[in-house]
Structures are given as C-alpha cells and as structure tokens.
Amino acid sequence: MIQLISASKTYPGGHRALVEVDLLVETGTTLALLGTSGCGKTTTLRLINRLIEPTSGEIRVDGRDVREVDPIELRRGIGYVVQEAGLFPHMTAAENAETVPKLLGWSAEQRRQRSAELFALVGLDFPVHGDRYPSQLSGGQRQRVGLARALAADPPIVLMDEPFGALDAITRRQLQAQFQELKARLGKTVVLVTHDVDEAFRLADRIAVLADGRVTQVGSVAELGEAPPDSPIGALLGDRRAS
Ligand SMILES: Nc1ncnc2c1ncn2[C@@H]1O[C@H](COP(=O)(O)OP(=O)(O)OP(=O)(O)O)[C@@H](O)[C@H]1O
Ligand SMILES: [Mg+2]
C-alpha cells in the first residue's frame, strides 16, 4: 500500500510542485495519475521512491514512512519506469535491463536468462536488440527496455511515468494488454502516469486528477466514468465523449 499524507513539495527556487496531496493506493491495485504538463506527476512518483523528499507531509509504503527505510532497500521493492525511458547510455539494452539483478548479486547467467525473458515479455528480440546501446534503438524500443528494467527483479510496486508514450497505437495496445495480464497475474501495486485518458480508464482501478500540484478529483474508474462534464475528469473526458 502506498500513502501520501498531506505531501507538499517546494523545489529550490520556490516552485510549489505539490500542495498537500493525499493519495492512497491499495496493494494490488493500479492508480492512474492524470493531468497536464507540469502539474506534478513525476514529482509524485519521485517522492514515493524517495528520489526526492517532501517539504512537508509524509509518504508511507506498506505502512512505513519512506524516510525510515534505507533508500536502497526501498527501491529494490519499487520498479521505476522513467519518463522517456531514462536508460544508461553507456550500457547495452541487456545491461540496462539487468541493473537491479546485478545490484542483487545474481550471476551473469541468471541475469542473461532473466533479460532474455523480459525482452520477450516487452516484445523485443533479445539476440537483435540486447547488445545495442540506447542510441542505437528507436524511442519505442528504448521505452520497452525501460519497462523491462523496471520489472527485472519482480518488484511488488511499479511506478510508471508515461511508459507507453512513444509507441505507435498497435504496439501500445499490445504492451497495455501484456501489462494488464501481468498485473492480474502478479498482483502488483502500480502508479501509472499518463496523458492518455483512454489508457487511464483501460488500465487503472482508480484515477487521480492533478492540477497545479493539487489533487482535484479522485475515484474509481466506474465513479469517474459517470462524472459530470464540469468536473476535472469530465473536462478531460470531453473530447472522448464527443467523438
Ligand atoms: N528539480 C526541479 N527544480 C525546480 N522545479 C522543478 C524541478 N523539477 C520539476 N520542477 C517543476 O515542478 C513542476 C512539476 O514538475 P513535474 O516534473 O512533476 O511535472 P509533470 O506533471 O511530470 O509534467 P510532464 O507531464 O511535463 O512530465 C513543474 O512546473 C516543473 O517545472
Ligand atoms: Mg513528468
């Protein structure tokens, strides 16, 4: 379970990226974070895995204040799909995917086997793409390596920052379907950042709408699907309902 309790983040320079945010993600469920550029979505994810710390308020993972947990231990249990893939440029695709298994001390053979599995899972050809550097991959391929890296050590929590953003519609649908199956099978707790309202409704159990660093609406997919047009989600749904 992930909890943000009145969490605020003011960056150096004074920008208030998050203001008293309360969020709850139950174990085994997916929360989608929706909102326009700059509203604080990435900031929210980075608070959860403690890449940054809140200015005030609290973040709890499985009941423990993340500030009381060793950050390395915390991040072992939390996969992170970084926005725009965020791969290490000096490492091959396979080495990128094996980052956490390597930290955990798996043997070279175990790691190789796991990355081959992961490549198959995300629809990449291991013999073709495994030894390429990120600059030798397309944007969509890089994103899939980023997804493989986040899933490598089978963490119970996965934070995904626009994981399917750079993919064509067909590949996107395929990966979304794989993700859904995985989620159902492995019972992961997921926070998914997306700009895509359809994606949020397809993949999430609950949706939170952020605007200017504040949660303006939160509810189950069923509740928000019925939301009035003048509500925050209604405004985002406007185009979809009209088409
Ligand atoms: N390190 C930083 N220092 C100062 N301001 C920052 C920093 N990181 C983010 N911000 C600001 O905080 C706000 C929220 O940023 P954040 O990255 O969380 O947005 P986002 O919702 O993920 O946007 P996008 O959809 O464009 O990725 C933005 O106005 C951004 O400029
Ligand atoms: Mg972002």
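User: How many bridges join β4 to strand β5, and in which sense do the two run?
Analyst: Strands of a sheet pair through backbone hydrogen bonds, either parallel or antiparallel. Here β4 and β5 (residues 64-65) run antiparallel and are joined by two bridges; strands are DSSP runs of E of at least two residues, as helices are runs of H or I of at least four, numbered from the N terminus, and two strands pair if DSSP finds at least two bridges between them. This is a predicted model, in which local features need pLDDT of at least 70 and side-chain atom pairs count only at pLDDT 80 or more, while totals for chains, interfaces and linings use all residues. Residues are numbered from 1 along each chain as its sequence is written, with chains lettered from A and ligands numbered from 1 in the order in which they are written.

User: Which residue in the hairpin of β4 and β5 takes a positive phi?
Analyst: Asp62 does, with a value near 50°, in a hairpin that has two residues between the strands; Val61 has Arg64 in β5 as its bridge partner.

User: Which strands stand at the edges of the six-stranded sheet, and why is one side of each left without a neighbour?
Analyst: The open sheet has the order β6-β7-β8-β3-β9-β10, with mixed pairing. β6 (78-81) and β10 (214-220) stand at the edges, and because each has a single partner strand, one side of each is left without a neighbour in the sheet.

User: How does strand β3 run relative to strand β8?
Analyst: β3 (residues 30-34) and β8 (residues 189-194) run parallel and are joined by five bridges, with Leu34 standing opposite Thr194 in β8.
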